[in-house]
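Subject: Structure handover

Hello,

Here is the structure I promised to pass on. Please open it first, then read the notes below.

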Amino acid sequence: MRLFFAFLVGLVAETGHVLAGSRLWQPNTSTTHLDRRYFVINTDRSEGDRMIWPNRQIRYCFVNDEADDALDELINAAHDVWLRMGLGSEFTIAKVGRDECTGDHRFDTLMFYWTGDNGRMATFEGLPATGSLIRNSENPNVRPRSELTTSTRMGMLDQQLNFAHELGHAWGLYHEHQNPAFWSRGTVSNALGGSVFGPENDGNWRCQNLKDYQDRVNGGGLVVQNPNNPNNNGFGPRVGVETLCKDYDFARKGQFSARDYLPMPKAMGIATSSGMSTDDVDWSSIMIYPSGAGAIGEASPANDQRAAILLKTDGSRIPINDSPSQRDIAAMHKLYGRSNRAIAKDLLQKAGGTVTSNFKKLFPESQGNTDGSGCL
Ligand SMILES: [Zn+2]
């Protein structure tokens, strides 16, 4: 069942009303801006399949000693980056024993994997919700996980910043640019008609510059599995690269990197604003990709020669942001501020359906949406 999803418009913020204290006590950046814009996991069980970390604590371990040696210090440094920018000290990370991560608490802990000096990055956002399909999986590899590389040639070209970005995912933040409100309606699935990204906004979506685009052209796209179809050995139609560049679900299923750019099905996330224009984007977020992320071209620290995938609406490049923004911090406080209500709702509601349309078609008998955000 597809349920109606409403964007939570920050009514309080829109009116500029300060709930307590004086406006003079507020930081320089106005509350209006702080409260409005971010994109996070949908913890409503009737729509999404995620929940936040209990007690605002990420409990984590490493798959092996090698990963521990390579990553632990950087993970703690990344957490410090968030704290320095104003994340409440009640947000903690706790390294726990491997036995806790592999036993009954598998779905309530985060396992870190090291993908070496040249591997990929991907992190499961938040935790799978109570009663979600993911928690029914008997496959031990299905679990909250974070795969991290120590490469400085991808993402934000900096280990600590890349890890801080991944930690944002682990807490439950999605990519700022994947908010469907920002994308033009017309050709791209899930897009809600925004004036920022998408082919209809001056071609501001250059899928052809993705590193793995040419491979997909040569390889002929993705063959969709359809176990409900007894003909053709359970396979459905072939989806070409044009579609992989326009549909988040197909790109995700095809493990094509456009999935880390394209607008997500609206039920997967909560945006606290329905704003659709360039002023509504948090260009300073640590959760927005710099223009070159995942693009063809060479990059190393302070030397970014990568082509652009998305640009700002004035044609300039989206920069590499050097810390979480104040709106990132506000997003965390708001998401976890809702925790009691969300958890109570979890307990009251029976396990419902997961998300939308292609999602069910593409993940028919499986654990759902377990691979997390990849990062480029
Ligand atoms: Zn990411």
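Cys207 is buried, and Cys245 is buried too. Buried means under 20% relative accessible area; exposed means over 50%, and partly exposed is in between (1.4 Å probe, protein chains only). A disulfide joins these two cysteines, Cys207 and Cys245, with an S to S distance of 2.0 Å. The cut-off for a disulfide is a pair of cysteine sulfur atoms within 2.5 Å. The torsion about the S-S bond of Cys207 and Cys245 is about -75°, so this disulfide is left-handed. The pair links distant parts of the chain, 38 residues apart. Cys207 sits in the loop between H5 and helix H6 (213–219). Cys245 sits in the loop between helix H7 (241–244) and helix H8 (248–253).

A word on the source. This is a predicted model, so local features need pLDDT of at least 70 and side-chain atom pairs count only at pLDDT 80 or more, while totals for chains, interfaces and linings use all residues. Residues are numbered from 1 along each chain as its sequence is written, and side-chain values use heavy atoms, with hydrogens and water left out. Helices (H or I, at least four residues) and strands (E, at least two) are DSSP runs, numbered from the N terminus.

Back to the cysteines. By the distance rule, the count comes to 2 disulfides. The other bond is between Cys61 and Cys101, with sulfur atoms 1.9 Å apart. Cys61 lies in strand E3 (residues 57–62) and Cys101 in helix H4 (residues 98–102), so the pair ties together parts 40 residues apart in sequence. Cys61 has 2% relative accessibility and counts as buried. Cys101, at 0%, counts as buried as well. With the bonded cysteines of the protein chain numbered in sequence order, the pairing is 1-2, 3-4.

Next, a helix pair. Helix H3 (residues 65–84) and helix H5 (residues 159–171) pack at about 75°, with their axes 8 Å apart. That makes H3 roughly perpendicular to H5. Angles of 65 to 115 degrees count as roughly perpendicular, under 35 as roughly parallel, over 145 as roughly antiparallel, and the rest as oblique. Axes are lines fitted to C-alpha atoms, for helices over the stretch in contact, and angles run from 0 to 180 degrees between N-to-C directions.

Which residues meet? On the H3 side they include Leu71, Leu74, Ile75 and Trp82; on the H5 side, Phe163, Ala164 and Leu167 are among them. Contact means heavy atoms within 4.5 Å. The contact residues of H3 with H5 divide into 10 nonpolar, 4 polar and 1 charged. Here Ala, Val, Leu, Ile, Met, Phe, Trp, Tyr, Cys and Pro count as nonpolar, Asp, Glu, Lys and Arg as charged, and the others, Gly among them, as polar.

H5 is worth a look by itself. Of its 13 residues, 11 are buried, so H5 is largely enclosed by the rest of the structure. Among the buried ones are His165, Glu166, His169 and Trp171.

Helix H9 (residues 326–337) is another place to look. Its buried residues include Arg327, Asp328, Met332 and Tyr336.

Most residues other than glycine have a negative phi. Asp202 is not a glycine, yet has a positive phi of about 55°. Asp202 lies in the loop between H5 and H6 and is exposed, with a relative accessible area of 76%. Gln255, not a glycine either, has a positive phi of about 50°. Gln255 is in the loop between H8 and strand E11 (269–271). Gln255 is exposed at 61% relative accessible area.

Best wishes
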